[in-house]
Amino acid sequence: MAQGSRRSVAWGDLVTGLILLGATAAGAASLLGNETLHEFDFGADPGPGLVPSLLLVLLGVCAAALVLRAIFGLWRRIPVSVPENAPGVRRIAYPTLLVATLCLYALGMPAVGFLPATLAFTCLWSVLIGRQEAGVPTIGSAAVWIGEALAITAAVYVVFAWFIKVPLP
Amino acid sequence: MIGEILNALAIVFSDPTALGLSVVGVLAGIILGALPGVSSTMSLAVLLPLSFSMPPTHGMMFLMGIFSASVYGGSISAILINIPGTPGAIVTQMDGYPMAQKGRAGEALTYALLASAFGGLLGWMLLVVFAPVVASAALHFQSPEYAAVTFFGLTMLAYAAPGSTFKALTAGVIGLLLSTVGLDAVTDVSRFDFGSANLQGGISIIPVAVGIFGLAEVLRNIETGTARYEVIGRLNRLIPPWKEARRLWPMGIRGAVVGAVVGAIPAAGSAIGVTVAYAQEKRMSKAPERYGSGIPEGIVAPESSNNACVGGALIPMMTLGIPGDSMTAVLIGALLIHGLRPGPQLFTDRLDFVASVHVALLIAIVLTLIFGLIGIRYFARILRAPRNVLMTAVTVLCFIGSYAVGNSIFDVLVMIASGAVGYAMHRVGMPVAPVVFGLILGPLLEENIRRALIVNDTWSVFVTRPISATLLLVSIAALVYPLYRDRRLRREAISRRRSGGPCP
């Protein structure tokens with residue numbers, strides 16, 4: 001394994017481990033702060049706190065092991081499977097943008113309605129992904145991508161609102 | 001069981017809607033399975049919400065059509081563009097594409113289709129024969145055995161997952177923890193709600209499955225623009241020579257048996273089945289060096305195994321409620337939405353529904369064969385679908401599908417978060433399927449642990465009952481063995497470095 005790849009794995013494990021340690025701490029705080037779990041006697045039932053507590057301990061151990069492995073490189077001489085992509089800002093730009101626009105889509109849909117929100121979203125991404133494939137668009141190609149977005153919106157609306165009868169905003 | 005199956009067949013053939021839904025499912029499955037970047041699990045997860053408003057039997061006709069057909073569909077792109085459409089087609093491309101390059105693309109596609117149908121039918125027969133046997137045995141299980149079987153399923157997933165077993169186990173623990181969010185089923189005490197009324201209702205399986213198997217794949221796909229691939233459009237003859245086809249039957253049978261057995265092991269998945277089937281045929285061959293050069297033998301065994309896995313994976317799913325692979329994990333979500341919990345009780349209380357699932361799979365296999373034969377000349381066109389249309393449509397389907405679960409924006413936000421987390425997990429080399437498995441199996445595991453402790457008042461019950469003890473021992477071995485293997489590999493690598501050999 002190339003040294004650069006090992007460092008990528010180590011950084012990935014370190015970040016993951018720290019995030020999971022944070023999640024474990026948050027979960028532990030939630031359980032400890034839940035007075036109902038401590039107030040009642042559940043009789044023969046070990047109670048609703050047992051399994052979550054065991055799992056939190058297990059998660060904490062796994063997270064700590066990931067962090068230790070990253071910091072000390074305990075297993076760096078073992079051939080391990082390396083994630084296929086090295087991290088890079090350009091590589092995660094489109095996925096990050098998609099997640100952000102999906103959140104806007106979700107929060108905006110109840111306010112503006114399904115059709116306008118979906119139309120805006122599909123037009124944006126049909127053009128962005130089309131541009132990613134084909135480079136700088138011509139007027140013709142942009143018009144085709146917009147047309148495809150309109151078709152997707154219409155098809156989804158017909159299927160979900162008319163056939164499945166989902167009450168869309 | 002045979003009586004119920006015949007009854008279910010009669011009902012389906014008198015119901016045009018059910019047949020129509022199977023046709024739609026099969027066509028959607030073939031098309032989506034053929035497209036690179038859209039896996040069988042993703043196809044099922046994204047289209048699953050369309051089944052919410054259907055009666056359970058209609059929903060199964062639709063979903064089984066997608067399930068069975070998409071598994072076959074992956075071989076189309078494997079053969080025509082050297083990119084497997086689904087994980088199970090990874091081995092098919094090794095001989096399928098070279099065979100297409102030699103001008104035998106049509107024959108390669110036909111071999112894949114016939115082997116898929118054959119393997120699918122054999123897998124179906126094993127499902128019909130063995131599922132009632134397993135269910136009958138499982139009816140004698142008590143809480144310790146159920147807890148042990150659930151734990152076994154999770155550890156097998158960690159063992160079989162690609163990459164690090166330790167990371168797969170961590171992902172499974174995350175899924176189990178997510179399953180504890182919300183109101184406890186027994187005492188109604190709220191856990192991990194962080195003051196949110198939405199979280200008190202718990203985290204629904206469908207948005208998480210759609211996010212992890214659907215949106216996360218879209219996020220991976222749009223990282224960069226993909227290079228255009230060359231589609232082999234010229235098929236030449238479609239019907240293979242009879243003499244050649246006739247000697248391949250035994251390979252189809254062996255591949256199907258391997259696939260059904262591997263598929264029945266919880267979490268093993270078709271990728272393992274096809275690899276074992278291919279390796280077996282190569283080992284038995286008198287000319288193993290020919291494998292990889294474009295021979296039909298390299299297509300028939302793995303494709304037969306691939307589709308037999310479908311029937312095999314349904315055995316643990318229907319009888320124990322444990323997913324056989326990631327696709328059956330999504331199917332369990334579908335059953336739960338319709339108020340049906342898979343397990344041995346289904347075979348006593350709803351044998352009619354079990355029979356309808358068997359019939360749905362059988363019809364899906366037959367329809368896949370029919371539409372596969374009709375559409376073979378047109379498959380190349382599927383592969384030329386514009387990527388912007390595909391990715392945008394799939395994203396919107398993920399969005400609306402998650403919304404349709406409970407008409408709630410919260411479910412959509414859960415889907416988005418799951419997709420983002422699934423994508424991040426892929427980037428750090430952590431498998432994502434264990435999260436969904438943990439979310440599905442968590443309630444079952446907790447319920448049975450607590451019930452076992454209520455009845456027996458001691459933890460030793462899990463090790464004193466023989467079935468439970470055996471399953472726990474196998475589970476621990478499955479977790480410990482990779483550590484021993486990694487340690488051995490490390491020693492070998494160090495000794496190679498000392499002797500001046502190449503580093504792995």
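Throughout this passage, a residue is called buried under 20% relative accessible area, exposed over 50%, and partly exposed in between, using a 1.4 Å probe and protein chains only. By that scale A:R91 is partly exposed, with a relative accessible area of 29%. The structure is a predicted model, in which local features need pLDDT of at least 70 and side-chain atom pairs count only at pLDDT 80 or more, while totals for chains, interfaces and linings use all residues. Residues are numbered from 1 along each chain as its sequence is written, chains are lettered from A and ligands numbered from 1 in the order in which they are written, and side-chain values use heavy atoms, with hydrogens and water left out.

Of the 169 residues in chain A, 40% are buried. Counting contacts (heavy atoms within 4.5 Å), residues 24 or more positions apart account for 62% of those in chain A with a separation of 6 or more.

A:T101 is found in helix 4 (residues 89-112) of chain A and is buried, with a relative accessible area of 13%. Leaving aside residues up to four places away in sequence, A:T101 touches A:F121, A:L124 and A:W125. With A:W125 there is also a side-chain polar contact of 3.0 Å; a polar contact is a pair of N or O atoms within 3.5 Å, and within protein one must be able to donate a hydrogen and the other to accept it, with residues adjacent in sequence counting only if both atoms are side-chain atoms.

Next comes the interface. In the model, 69 residues of chain B are in contact with 78 residues of chain A. The size of an interface is often given as the accessible area lost when the parts come together. Here the two chains bury about 6,200 Å² between them, 74% of it on carbon and sulfur atoms; buried area is the accessible area (1.4 Å probe) that two parts lose on being put together, summed over both. Nine residue pairs, both members at pLDDT 80 or more, are in polar contact between chain B and chain A. On the side of chain B that touches chain A, the largest share, 14 residues, comes from helix 18 of chain B. The residues of that side divide into 40 nonpolar, 17 polar and twelve charged, with Ala, Val, Leu, Ile, Met, Phe, Trp, Tyr, Cys and Pro taken as nonpolar, Asp, Glu, Lys and Arg as charged, and the others, Gly among them, as polar.

Salt bridges come next, each being a side-chain nitrogen of Lys or Arg within 4 Å of a carboxyl oxygen of Asp or Glu. The structure holds 15 of them over all chains, and the count between chain B and chain A is two. In one, A:D13 pairs with B:K167, the closest N and O atoms being 2.7 Å apart. A:D13 lies in helix 1 (residues 3-33) of chain A and B:K167 in helix 7 of chain B, so this pair joins two chains. Both partners are buried, A:D13 with a relative accessible area of 3% and B:K167 with 6%. In another, B:E223 forms a salt bridge with A:R91, with 3.3 Å between the closest N and O atoms. This pair also joins two chains, because B:E223 lies in the loop between helix 9 and helix 10 (242-246) of chain B and A:R91 in helix 4 of chain A. B:E223 is buried, with a relative accessible area of 6%.

Within chain B, B:E145 forms a salt bridge with B:R465, the closest N and O atoms being 2.7 Å apart. This pair links distant parts of the chain, 320 residues apart: B:E145 sits in helix 6 (residues 143-160) and B:R465 in the loop between helix 21 (461-464) and helix 22. B:E145 is buried at a relative accessible area of 4%, whereas B:R465 counts as partly exposed at 25%. Salt bridges that share partners also join B:D184, B:R191, B:E446 and B:R450 into one network.

A nonpolar core is a set of buried Ala, Val, Leu, Ile, Met, Phe, Trp, Tyr and Cys residues joined through side-chain atoms within 4.5 Å. The largest has 187 residues, and those with the most contacts inside it are A:Y105 and A:F160. Helix 5 (residues 92-138) of chain B gives the most to this core, with 15 residues.

Terms used: Helices (H or I, at least four residues) and strands (E, at least two) are DSSP runs, numbered from the N terminus.
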